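Please look at the sequence and the model first.

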Amino acid sequence: NLNHIKGGYYIIELAKRMPECKFIIAGNSNDDIKVPDNIILLGKITDKERLARLYSMADLTVITSKKETFSMIVAESLCCGTPIVGFKAGAPEMIAIPEYSAFSEHGDLDLLERNVRLLLGKKCLVISKKAAAVYSREIMVSNYLKLYLSLYNEVIEEDDNQS
């Protein structure tokens, strides 16, 4: 479905254009859908260790969503040392490490394919070290705490000014 929010249509089209590549898809999928032979549908993965192994084994993570919030897919992939290619969807292009990612406008299949071909093979351990410096649990908790405290202080200051 061309209008599906997660963009599975684009992965199928990309797989047709790149028969020399294997596309492994983790996530919910429609069992009725016909996919090319170079696509393997794993279904939803809930085991975090298995998901991390899959990210680590991949040469590239492709994200074709129409809209994303924080985009754990981007953070998890980069932390596992795997580059990201995809469509601009709000958050992915904002949080990705630029030298290990490439994004195009949603629906631009030609540029998506070019970016995939460009970044294939760019996987390295340096990515995961850079990503860990940005997305580690400790840093994320610290950033959330700073944000909450700043919002709390704004509310307190507003209350003091209104008194």
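The points below go from the whole chain to single residues.

This is a predicted model, in which local features need pLDDT of at least 70, side-chain atom pairs count only at pLDDT 80 or more, and totals for chains, interfaces and linings use all residues. Residues are numbered from 1 along each chain as its sequence is written, and side-chain values use heavy atoms, with hydrogens and water left out.

**Overall fold**

- The protein chain has seven helices and five strands, where helices (H or I, at least four residues) and strands (E, at least two) are DSSP runs numbered from the N terminus.
- Along the sequence these elements follow the pattern α-β-β-α-β-α-β-α-β-α-α-α.
- Of the 163 residues in the protein chain, 36% are buried; buried means under 20% relative accessible area, exposed over 50%, and partly exposed in between (1.4 Å probe, protein chains only).
- Contact means heavy atoms within 4.5 Å. Among contacts in the protein chain between residues at least 6 apart in sequence, 48% join residues at least 24 apart.

**Surface**

- The protein chain exposes about 10300 Å², with carbon and sulfur atoms supplying 56% of it; accessible areas come from the Shrake-Rupley method with a 1.4 Å probe, and for residues only the protein chains shown count as cover.
- A nonpolar surface patch is formed by Y144, L147, Y148 and L151, which together have about 420 Å² of accessible area.
- Like charges are joined within 9 Å, and nonpolar side chains (Val, Leu, Ile, Met, Phe, Trp, Tyr) within 5 Å.
- L147 belongs to helix 7 (residues 137–162) and is partly exposed, at 43% relative accessible area.

**The loop residue N38**

- N38 sits in the loop between strand 1 (23–26) and strand 2 (39–43), and it is buried at 7% relative accessibility.
- A polar atom of the N38 side chain lies 3.0 Å from the backbone oxygen of C21.
- Beyond its neighbours within four places in sequence, N38 is in contact with A15, M18, P19, C21, K22 and F23.

**Cysteines**

- The structure holds zero disulfides, a disulfide being a pair of cysteine sulfur atoms within 2.5 Å.
- C79 is in no disulfide, and the nearest cysteine sulfur, that of C80, is 6.9 Å away.
- C79 is partly exposed at 31% relative accessibility, whereas C21 is buried at 16% relative accessible area.

Terms used
A polar contact is a pair of N or O atoms within 3.5 Å; within protein, one must be able to donate a hydrogen and the other to accept it, and residues adjacent in sequence count only if both atoms are side-chain atoms. Patches are made of residues with over 30% relative accessible area and no salt bridge: like charges are joined within 9 Å, nonpolar side chains (Val, Leu, Ile, Met, Phe, Trp, Tyr) within 5 Å. A salt bridge is a side-chain nitrogen of Lys or Arg within 4 Å of a carboxyl oxygen of Asp or Glu.
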